Amino acid sequence: MNQNRGLDREDILHAILGAGLKPLPFSFYSRDTRTVACELLGTYMVRFSPEGTVCGRVVETEAYLGREDPACHSARGPTPRNAVMFGPAGRAYVYFIYGMYYCFNVTTEDEKTPAAVLLRALEPVAGIELMSRRRGTREIKKLCRGPGCLAQALGIDKEINGTSVVDGPVRFYPPLPHDLPGEIAVAPRVGITQAADWPLRYYLKGNPFVSRP
DNA sequence: GATTGGATCGCCT
DNA sequence: GGCGATCCAATCG
């Protein structure tokens, strides 16, 4: 992990923002959803808020393919909730679930394909104090493990829905050279009943911050 | 207007 | 492995 990367956790955010690195552009997201889900692994998800900036390295994602995917919220047509997926790529799709959690997705492809990638787990990188406060735990491994926990640690709620991930309050930055993602594992998605065996979950093999290794 | 069940989590045994 | 918390969107009438 970090001790082998030559940079301390908190330094990585400075390396990203201080070096003037640009967020991944809209063209990154307007591609095949599975490709985006894979290539988001190893990127840095950064949340800017009045309370501070926090950052985590993406280690686990899931692809939701659109109308032909029964598990995707867009499969049965547009509704107020899923409207963002029917818009352009590179927007946050945030929804409320189980009466107490939010899930964060980023839209992919184009207006004709209402698809998205769910962010399931991060390796905490910077803003550990703020994330710990939001989560009510100091255990780093539990800060961003699972989509509900991740959203809570980043202070994400329905206000984030529809915002741009290129110039909005949540953005993604490319992997750093010292920190390129290794081998990717593929598995069925978690917690769904429709299309339960479709292998659309992606995670970094062996990474201890993955929610379900 | 009412009902149902969910892309979860944490605590219990 | 099981279950309760707790809300709202979607569906049905």
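How do the residues of the surface near DNA strand C divide into nonpolar, polar and charged? The model is predicted: local features need pLDDT of at least 70, side-chain atom pairs count only at pLDDT 80 or more, and totals for chains, interfaces and linings use all residues. Residues are numbered from 1 along each chain as its sequence is written, chains are lettered from A and ligands numbered from 1 in the order in which they are written, and side-chain values use heavy atoms, without hydrogens and water.

Four of the residues near DNA strand C are nonpolar, two polar and two charged. Here Ala, Val, Leu, Ile, Met, Phe, Trp, Tyr, Cys and Pro count as nonpolar, Asp, Glu, Lys and Arg as charged, and the others, Gly among them, as polar. The surface consists of Arg-76, Thr-79, Pro-80, Arg-81, Phe-96, Tyr-98, Gly-99 and Met-100 (near: a heavy atom within 4 Å). A polar side-chain atom of Thr-79 lies 2.3 Å from a phosphate oxygen of DNA strand C.

Helix 1 spans residues 9-18 (helices are DSSP runs of H or I, at least four residues). Its buried residues are Arg-9, Ile-12, Leu-13 and Ile-16 (buried: under 20% relative accessible area; exposed: over 50%; 1.4 Å probe, protein chains only). These residues lie on the same side of helix 1 because they cover an arc of only 95° around the axis, taken from the directions from the helix axis to the C-beta atoms. On the other side, His-14 and Gly-18 are exposed. Gly-20 follows helix 1 with a positive phi, near 70°.

Conventions. Polar contact = N/O pair within 3.5 Å; in protein donor to acceptor, adjacent residues only side chain to side chain. Helix = DSSP H or I, 4+ residues; strand = E, 2+ residues; numbered from the N terminus.
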